[in-house]
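Try each task before you read its solution.

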Amino acid sequence: MQSLTNRSKVVSNKQLSFAERLYLPAIFGGLRITFKHMFKKKVTVSYPEQQRDHGRIYRGQHVLKRDEQGRENCTACGLCAVACPAEAITMIAGERKKGEEHLYREEKYAVEYNINMLRCIFCGLCEEACPKDAIYLTDRIAESNYERGQFIFTKDKLVEGIEQDKRIDVSDRRKAVRNGAM
Amino acid sequence: MNDPILIFKICLVIVLFVVSLLIAAYSTYAERKVAGFMQDRLGPNRAGPFGLLQPLADGVKMFMKEDIIPDTSNRFLFIAGPAITMITALMTSAVIPWAPGITINDMHVPVQVADINIGILYVLGVVSLGVYGIMIGGWASNNKYSLLGAVRASSQMISYELAMGMSIIAIVMSSGSLSIGDIVAGQSGWGGMHWNVFVQPLGFLIFIICAFAECNRTPFDLPESETELVGGYHTEYSSMKLGFYLFAEYVNMFISSAMISCLYFGGYNFPGMEAVQGNVHEIVFALICFGVLFAKILFFIFFFMWIRWTIPRFRFDQLLNLGWKVLFPLAILNVLITGAVIIFL
């Protein structure tokens, strides 16, 4: 039968020759190969000190964005929680009081906003669902912890800083989400 | 025996004990480093500079682990197993000559714990005792994997001891002595290069293969083959008892390397030895010789690891076929050839 690819190999059942049955030539061949590998460049990346570059639109730890005046974008509409296939997001909505206009952009805001990082699969459906430009995945790597409770990220870990230099740039990610290029 | 000699011997025993354990500890580190390098990785490098404190960390971990003795095991034998393995592993080094003799109180003292005239028989005896540790430990665990591992270990060791003994007999015939001190001293000819490996290449090959089998090292690590038997004879062991088994393996490797160096690679003899001997103090010369022997030992330890990370494990029938149908007849042939050469040449 004609082979469709050129990759197939003919398997033979022939007896080993005397030289092959001695094993020793094969063993020395193997020893030569392993010895050569001792001096090859190592493929290891020493992780915490040395980090590989991510893609520009890497889907890592979430951020809750603020607008230019430092007000939280999130209005606790719950669309992200509905969209989340892993049901990792929970939130409690609250009403903005008088005098809190500089903190929250609209009348309703998230008093609590938790993401369970053990459930999250970093699919990015929450950002797609968000109508308020509030949640984005960033190229930060979600930190590891020793206890399960610490994997539930609360607002103090999720909301970006109010100062300009503590803002997290998500422009690439935002473009990707808007263009539908997940 | 007068006092200075006794003190010297006691010091030697202590030094040997510490050195064996140190070498064994750092062999575990070296093994992981060598494995890493051969697989294009870095190996352990977090504990201390270059990961040099890794053995310490491993040791502490071993001690801290919970020590479990299974309910259905034979308690006494379960504890005796690792102890026997460790004791026999450490005993063999007593007859290895570490350097040419030095003079204490006008007496020539060999740098050797015991220069007994049947050194080789002693080594063979102690090595075959080593299998008891594994056998007892595996049987006392009352676990079928342990028992299988133990049975494999004993049948493997018994099979390979024959060929090993035969290859040593050829050495004994050509050097005319059972004392390891004499055998090493007899390899000083040809400007320090009259090594038995050049006289007995076939014997060396048989011996080194058997040494691998006796140490339960790859490609003969069937007693603990983790892919088939979970952990082999030490499946049920934990904490420092497991540590002892693993440690004893490395001590055995060290002793085997020392035996290979002494029997086939001239022990402490090295080329240009006589020129050095005339120019330096006796103790300095002994230290140089010790260094040379040590370099050879370290090379063979590396060779053990090199083989381990190169060759896959044998199947058990292949292992026994190799032992009984290939190595044993070859060893006998080697004895016959050696005898013929001695008689007719």
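Two residues are in contact if their C-beta atoms, placed from the backbone, lie within 7 Å. Keep in mind throughout that this is a predicted model.

**Exercise 1.** Find the residues that Phe254(B) is in contact with, leaving aside its neighbours within four places in sequence.

*Solution.* Start by setting those sequence neighbours aside, then apply the contact cut-off. Phe254(B) is left with Ser20(B), Ile23(B), Ala24(B), Ser27(B), Ile297(B) and Ile301(B).

**Exercise 2.** Describe how helix α1 and helix α11 of chain B pack.

*Solution.* Two packed helices are described by the angle between their axes and the distance between the axes. For α1 (residues 3-38) and α11 (residues 239-264) of chain B, the angle is about 110° and the axes are 8 Å apart. Angles of 65 to 115 degrees count as roughly perpendicular, so α1(B) and α11(B) fall into that group.

**Exercise 3.** Is Ile332(B) buried or exposed, or does it fall in between?

*Solution.* First locate the residue: Ile332(B) sits in helix α14 (residues 316-344) of chain B. Then count: burial needs 20 or more other C-beta atoms within 10 Å, and exposure 12 or fewer. Ile332(B) has 16 such neighbours, so it counts as partly exposed.

**Exercise 4.** Work out the strand order of the open three-stranded sheet in chain A.

*Solution.* The order is β2-β3-β5, with antiparallel pairing. At the edges are β2 (89-95) and β5 (152-153), each of which pairs on one side only. Seven bridges link β2(A) to β3 (residues 108-116) of chain A. To check one pairing, take Thr90(A): its bridge partner in β3(A) is Asn114(A).

**Exercise 5.** How many residues of each chain are in contact with the other chain?

*Solution.* Ten residues of chain A meet nine of chain B. By class, the chain A side divides into four nonpolar, four polar and two charged residues.

Key:
Residues numbered from 1 in each chain as written. Chains lettered and ligands numbered in written order. Predicted model: local features only at pLDDT ≥ 70, side-chain atom pairs only at ≥ 80, totals over all residues. Axes fitted to C-alpha atoms, helices over the stretch in contact; angles between N-to-C directions. Helix = DSSP H or I, 4+ residues; strand = E, 2+ residues; numbered from the N terminus. Parallel < 35°, antiparallel > 145°, perpendicular 65-115°, else oblique. Nonpolar A, V, L, I, M, F, W, Y, C, P; charged D, E, K, R; others polar. Pairing = 2+ DSSP bridges.
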